Amino acid sequence: MVLLLSLIAIVLAIWALLSSPRRLQSRDDARVLAIEDQLRSLYERMHWLELAVAARAPGAVGEPGAEAVAIAPPPPSPAPAVAPPPPAAPFPEPPPPAPASRPAARDLEQRIGARWATWVGIVAILFGVSFFLKWSFDNDLIGPSGRVMLGCLAGAGLLVAGLLLRHRRDVPLLSEGLAGGGLGILYLSLFAAHALYDLLGVGPTFAGMFAVTLAGAAVSVVSQREATAVLAVLGGLLTPVLVRVPQPDERRLLVYLAVLNLLVLLIARFRTWPALTRLAWVGTVVLCLLALDLPAGPHPLARLILLTALWAIFLVAPIWRERAAGRRGRELDLALTVGNAAVYFALAYWTLEAWQPRLEVPLALGLAIVYRVVAADYARRVPDDAGTVVVHEGLAWTALTIAFPLAFDGQWVTLGWAIEGLVLIWAASRLTTPLAPLGGLLALTLAVARSGWLDVGWGRIAHPVWNLSYAVHLLVVVVVAGAGWLATRARPDGLRGLAREGLRDILWVGAVGLLAALLWREPTGLWPAGLLIAELLVIALLARAYPAPVWAVAALLVGLVMLARVFGADHALARAASESLVSAPLLVRILACVALALAGNAVAESAGHSGLALVMRRGLPGAAAALLLFALSLHWIWYQNGFARAARQARDFAEVARVDWRTQVGLSLLWTLYAAAALAWGFVRGTPVVRYGALGLFGLTVVKVFLADLAAVSTVYRVVSFLVLGIVLLGVSALYQKIQRPAGR
């Protein structure tokens, strides 16, 4: 009886509200007066603006003599000076507009009294209905069928009441609250009929709750209330949770979700309510993850078809209204689009992996085609929404990128990514979207990383270098270099701040670095060092033929790799070959230092006057000279250590001392001759830095001769060391006295 009385009271209140003509008339009169005041204010402002324009016009109507002066002939004699016209009247200030009689925005008090009170009241009614059902159940006042019937009548009455109040703009929140409360009571009544009283089975309860959802969606579309639609869809999503099935079948759940989301798609056709689509997608994903038997299932084909239907619904729903109306999409809807693609592909991949793995590639290719078609259609209908187009194109190329490792294996995946990146870079010359250059750069980066690190070891055991994998990886180098050349043709408006030369330099440096890694990887012996030296010399030639700052970075990168190979990885080879005074590893080290110096000078001229050019011009040749002296000195020491080991094995300690003396004298002679050659080169090239370095080496040699050789070397070697050093120093002195150098050289 309490529920019935509450329903009667609500109906009477609505009837009284609808049948109050005096109040309605008073409100209408107030609105008419407010409109009249606004029109009067606008008329007065237009009047003052017309007066101001007339006062500022030079030949305004009503100005005496304006027309006569314009047609009078010029006088025969010079006209007297005419006084300047008086200044125009100042712009009159219009009177302040009449205060509008529109109601002010809701403050906190109004929000509490209007919105919050409505929803708190609805929640209170829901609690009251719940308590009434429990109380009547405990006291057996009304039978279970009567309770459910009263609940359904109350919910339907509130829903209809909210629909009837949709035109009353003075109480919009009341209409919204009544409809939402009616939906809640209907869901609660059906749940009680199924779970508490066992009056309805699973099928009728599902059908009833879906009918409630459908009714709520219809009321929300007619009344234009988003909150009602959200409550209806939320109740529909909670239906599978509230109505438990003893033996759940995922097909029934997926069919139910597909029908429910078709309803959401239908609502999106008439109303732009993004929150509704987001709620439906989140609820659908949660239910699928909780209910699906992953990875395998009893009905994989049905699951795949229904998952595809859900994916298609949420592919269309976020862009349907925007595509039809030509409006821009929202950022959060773009995230929903990406999440929809990711979740669908993951669920479909797990299903196919356990059922039909060969269908994974067609799935990825199909997604790529669909997203590309959607992007093209959306770009044609909504020209100013580049973000949505870029997201869909990005998903298309991502699906295509995923298809390569699914379709191929080994090095073919690498080549596929490289070709994909090349195509995207080529497309950047025709498209304004930043996806083309950035996607191409990402695909080529993946190809470079896979060629240099992930594919290491394939084909090395049987046939180093002469194998298919190595050939494919070298082809990747050519593709990346070609993409760098195509990058110079990219459209600047599609790069989003990245210069075409910058994109080219990144790709060329990547190609150079990958080639250096490949030259290091599979060749054996001294071949890697020789090939790296050749690559560095080629870079020097390219720097002279096509000047660009990128060659400085490339030379520095290859130079470091070459030095690591020559002085690091090949250290054991050089030491093993030190039994001979002239050996192949020593010649390779000499060539490496020469190549480093030549490359430094070449790229310095190519880089212009930048700071990097200064580093290349002085840093690389200086490092090459120091490393060359180090390599010669170390080889001489290793060469003499061989004689010392033989003397120790023969227990000839006098020979060991003589070997030590020869080692020290040889180092002194080597440093002296090296310093003399460097000094001569400094004079020929006019480089003061080289000459200062040579003089510094002379000083170090003098210190060594007077401190080390004088104490440790025998008389004969001591004489030779001092004589050679003295003669060379005298020659240096004479050279400096004879040559007259200009200032600064």
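Reader: Leaving aside neighbours within four places in sequence, what makes up the set of residues that Ser-451 is in contact with?

Author: Happy to show you: they are Thr-414, His-473, Val-476, Leu-514, Leu-518 and Arg-521, where contact means heavy atoms within 4.5 Å. This is a predicted model, in which local features need pLDDT of at least 70 and side-chain atom pairs pLDDT 80 or more, while totals for chains, interfaces and linings use all residues. Residues are numbered from 1 along each chain as its sequence is written, and side-chain values use heavy atoms, without hydrogens or water.

Reader: What does the side chain of Ser-451 reach, and at what distance?

Author: The backbone oxygen of Ala-447, at 2.9 Å.

Reader: Which residues touch the most other members of the largest nonpolar core?

Author: Among its 76 residues, they are Ile-425, Leu-444, Leu-507, Leu-536, Trp-551 and Met-562. Such a core joins buried Ala, Val, Leu, Ile, Met, Phe, Trp, Tyr and Cys residues through side-chain atoms within 4.5 Å. Beyond four places in sequence, Leu-444 touches residues including Trp-417, Leu-422, Ile-425, Val-480 and Leu-507. A second, separate core has 53 residues, Val-221, Trp-273, Tyr-344 and Leu-367 among them.

Methods
Polar contact = N/O pair within 3.5 Å; in protein donor to acceptor, adjacent residues only side chain to side chain. Buried < 20%, exposed > 50% of the residue type's maximum accessible area, 1.4 Å probe, protein only.
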